[in-house]
Amino acid sequence: MADHVLPIPSVGQPSGHAASSKPKLYILDYGAGNVRSLANSIKKLGYEFEWIKSAADFDKAEKLLFPGVGAFGQASCSLIDSGLLVHLQRYIASGRPYFGICIGMQVLFASSVESPGAAGLGVIPYPISRFSSEDQVSCGGEMRPKSVPHMGWNGAWRAWKSEGEDRQLMLENEDYYFVHSYAAILPTSSSSSSSSSSQTPPDVAEYAYTLSRYGSETFISSVRYKNVFGTQFHPEKSGPAGLDLLRRWLEAPVSEISAAPTTASTATATTSASSRVYQPENPSPLRAGGSSLTSRIVACLDVRSNDQGDLVVTKGDQYDVREKDDERGVRNLGKPVELSQRYYKDGADEICFLNITSFRSSALLDQPMLQVVQAAAETVFVPLTVGGGIKDTVDPDGTPRSALEVAGAYFRSGADKVSIGSEAVVAVEELLAREKQGLGKTGKTGIETISAGYGSQAVVVSIDPKRVYVDTAQPEWLESFPQAHRACLIIGDEATSRTAPEEKGKAWWYQCTIAGGRAVRDLDVVQLAVGVEKLGAGEILLNSVDRDGSGKGFDLDLVNLVKRAVNIPVVASSGAGAPGDFIEVFEKTGTEAALAAGIFHRGEVGIDEVKLELEKQGMAVRRCTLEP
């Protein structure tokens, strides 16, 4: 089980005072993850709130929000250790409205296989289980195990078709942002020949408001029972559709979403069982196949200080960010916050900030970058990833700062995920050395501590490999090639990338680099990818030193190598020059996401243009009927 108490950095959170003209809204924050974005969402919608600071606040609350990320056991133990568990149970039993998000929904259930020793609130007598990585989905033209965590944008359909619902809390046919490995997964139907309308719903379906599918597994994506509402997805990260959901719950009169203070009744809070029809399958045929996730488009902003000390967005060619003229100044493509706002409005599914200055003193002293994240989180309601300097450091005054503490500061500032680069290479090198000695993980690396505290989905590892060509003119070159890197070897005659005709007769492997591509290590990309998955990373950001800024398209051979080696999501990066490059990488590798920077910054290709071309090829993309 996770440690009971997470270190909570002293990053101030938005404050608010409940307006007398609106229900007194309180947020329960136990210290895990990004609660700032939820607070920002509520303020954007014109509502005010208070933080639960003591047990007495539960009695004052007329509506209660409980957001959370990380481990089920972490949330359960935090509630117990803080003395708030019994007060939360009493609040829910009182019949007043409760809204749980992600872990805030999962704790309503009885238990979770993620934390066998931890008990949930037991409002819903059903266990939380883990998605199966053995479940096969079509991926790059072949069947492969689906990636876990379930990360990205997915649809949700109503579990019950009803004509008598008093208040609809969610729009139909919208996508929402999910990031989780565990869920309330429904049992597989015992009769595959039965039509969906004739299937007997499992008992837990009584609590389901919406269902979603990931591969062949159907799970409860939101619950609505009496005064209790909860979503497995993050509405505060789900763009306009998510904000609309929050607005509907916030504006609902307390009387409409409350229940009598009793546990005797078995009727739902929304409508009677006689007027409902169970819908175990999505009535829309648009997501009938594949994993059901959309093809995720990520806009990346490389941020660094220019020679005048200002933070700017830049972009390099093979990692060189300076202009080619005599002055050699840092290439300036815009201001980070303004660009992130633009990409959010343009439909980006995620924004990634990579601080390539790497916090030369200390991440927690780099106030400008913290402020960039805080400012972006005020108006950007899709996931934010921050990378650079997420490591164990020492402040100039000698104060040690752990990677967990640094990550916590960014989560509290508005980030949803942190990206680790060079430190991941060192960690895997140490892991491989320990494995040779018959030893295992230390539990002390940044990847391990952050994933244990906040969940694997919060940890991205950014990999910067470069091609190393082999002299194929030498006789028996293949036999003499190092066995340790054989799994990473590509034969040019078998290459799949668009540049394959230029690679005939060649062979190469992908060597990992550190320090922004300036130094190489005796570690290949497959070794690194497999190693970081073992350590607890939840996603890989796969760059290419060779393709960076080239416009030659993604390195499909590189992406396929990594996709076949791991069971966690992969974000393909480097080389995009046209919408066709995105189509190619999704079709031929099955990658979960594709990232671009320079072509978006310079206006050469628009995000909407990319999505339109993907749609023409029959690929699912996130669209929203509401304006951002």
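1. Helix α9, spanning residues 403-413, is mostly covered, with 11 of its 11 residues buried. Here, buried means under 20% relative accessible area, exposed means over 50%, and partly exposed lies in between, with a 1.4 Å probe and protein chains only. Helices (H or I, at least four residues) and strands (E, at least two) are DSSP runs, numbered from the N terminus. The buried residues of α9 include Leu404, Val406, Tyr410 and Phe411, and also Glu405 and Arg412. After the helix comes Gly414, which has a positive phi near 130 degrees.

2. A word on the basis of this note. The model is predicted, and local features need pLDDT of at least 70, side-chain atom pairs count only at pLDDT 80 or more, and totals for chains, interfaces and linings use all residues. Residues are numbered from 1 along each chain as its sequence is written, and side-chain values use heavy atoms, with hydrogens and water left out.

3. Strand β25 (residues 459-463) is largely enclosed by the rest of the structure, because five of its five residues are buried. Val459, Val461 and Ile463 point one way from the strand, while Val460 and Ser462 point the other way; all are buried.

4. What are the pairing partners of β25? Strand β24 (residues 417-420) pairs with β25 in the parallel sense over three bridges, where two strands count as paired if DSSP finds at least two bridges between them. Within this pairing, Ser419 has Val460 of β25 as its bridge partner. Strand β30 (residues 539-542) also pairs with β25 in the parallel sense, over four bridges. There, the bridge partner of Ser462 is Leu541 in β30.

5. The whole structure contains 18 aromatic pairs. Rings of Phe, Tyr and Trp (its six-membered ring) pair if their centres lie within 6.5 Å; planes under 30 degrees apart count as stacked, over 60 as edge-to-face and the rest as tilted. Tyr209 is buried at a relative accessible area of 3%, and Phe229 is buried at 2%.

6. Another pair is formed by Phe554 and Phe582, with ring centres 5.6 Å apart and planes at 75 degrees, so these rings are also edge-to-face. Elsewhere, ring pairs connect Phe131, Tyr176, Phe178, Tyr214, Phe219 and Phe233 into a cluster.

7. Which charged residues sit over the rings of Trp249 and Trp153? The charged end of Lys63 sits over the ring of Trp249, 5.1 Å from its centre. Arg622 lies over the face of Trp153, 4.2 Å from the ring centre. Such a contact requires NZ of Lys or CZ of Arg within 6 Å of the ring centre and within 35 degrees of the ring normal.

8. The structure holds 33 salt bridges, each being a side-chain nitrogen of Lys or Arg within 4 Å of a carboxyl oxygen of Asp or Glu. One of them joins Asp57 and Lys60 (3.5 Å, N to O). These two residues are three apart in helix α2 (residues 56-60), a separation of about one helical turn. An α-helix has 3.6 residues a turn, so residues three or four places apart point the same way. Asp57 is buried at 7% relative accessibility, whereas Lys60 is partly exposed at 46%.

9. A salt bridge also connects Glu423 and Lys391 (3.8 Å, N to O). Glu423 is in helix α10 (residues 422-436) and Lys391 in the loop between β21 (384-387) and β22 (393-394), so the pair ties together parts that are 32 residues apart in sequence. Glu423 is partly exposed at 29% relative accessibility, and Lys391 is partly exposed at 26%.

10. Asp395 and Arg401 form a salt bridge in which the closest N and O atoms are 2.8 Å apart. Asp395 counts as buried at 5% relative accessibility, while Arg401 is partly exposed at 22%. Finally, salt bridges link Asp244, Arg247, Arg248 and Glu251 in a network.
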